[in-house]
Amino acid sequence: MKRKFGDRANWRRVTQRRFASRYVEDPHFSGYITLYGIEALREPLWKTYGKHTFRIADKGYSWLQYYPKDAHYIITAMFDDRNEIVEWYIDICKHQGVTDQGVPWFDDLYLDIVVLRNGEVFLLDQDELDDALGRRIITMRDYELATQTAREVLHMIDAHAFPYFLMSLDHCRQGFELERLKFRDSGGIS
């Protein structure tokens, strides 16, 4: 199991970045929100899901990340240099927390869900989760937590009840100013 940090300080691809983090306590969201801005990098990062290939990291891209309090998932909304959504990436995690320096982190439980802007949904890395269990890197309890959490998130997405799609689009329209983010009751992806 790997611990991942919101500031991605060890990500060598990115040579110049901006990072901001804020804790929010609101009726519609409680937890940390981070903004990771890519100002310079060695080379763009491309990913392929199904028949689609996307650039998810390049100069001018912004990643808005939500760490919902007491949840076993983290949401990353990836925006391009024109502030258009590229994808939402949902990491399933065992624990989340924050460093003494105020940087949120999570312990990755292998399973990931990608939602493209056209609404296509992909569950990723089931093989990695199975392998981690087989090699006893995780326990059966961890395995069940990951699969149950992924199932619940996929159900919320399917029911248009996953609020982070519209929330992230609203926050993008607000200009990514973490100190001025407004929250409203928002449903799932349209």
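Modeller: On a 1 Å grid over the protein atoms alone, a pocket is an open set of points where a 1.4 Å probe fits, with protein on both sides within 12 Å along at least five of seven lines; lining residues have an atom within 4 Å of a point. This is a predicted model, in which local features need pLDDT of at least 70 and side-chain atom pairs count only at pLDDT 80 or more, while totals for chains, interfaces and linings use all residues. Residues are numbered from 1 along each chain, and side-chain values use heavy atoms, without hydrogens and water.

Colleague: Which residues lie nearest the centre of the largest pocket?

Modeller: They are Lys 2, Lys 4, Arg 8, Trp 11 and Asp 91, out of 29 lining residues. Counting Ala, Val, Leu, Ile, Met, Phe, Trp, Tyr, Cys and Pro as nonpolar, Asp, Glu, Lys and Arg as charged, and the others as polar, the lining divides into 14 nonpolar, four polar and eleven charged residues.

Colleague: How many residues does the largest nonpolar core have?

Modeller: A nonpolar core joins buried Ala, Val, Leu, Ile, Met, Phe, Trp, Tyr and Cys residues through side-chain atoms within 4.5 Å; buried means under 20% relative accessible area with a 1.4 Å probe, protein chains only. The largest has 33 residues, and Tyr 73 and Phe 162 have the most contacts inside it. Apart from it lies another core, of 17 residues, including Ile 38 and Tyr 89.

Colleague: Are Cys 93 and Cys 172 buried or exposed?

Modeller: Cys 93 is buried because its relative accessibility is 0%, and Cys 172, at 9%, is buried as well. The structure holds zero disulfides, a disulfide being a pair of cysteine sulfur atoms within 2.5 Å.

Note on methods: Buried means under 20% relative accessible area, exposed over 50%, partly exposed in between (1.4 Å probe, protein chains only).
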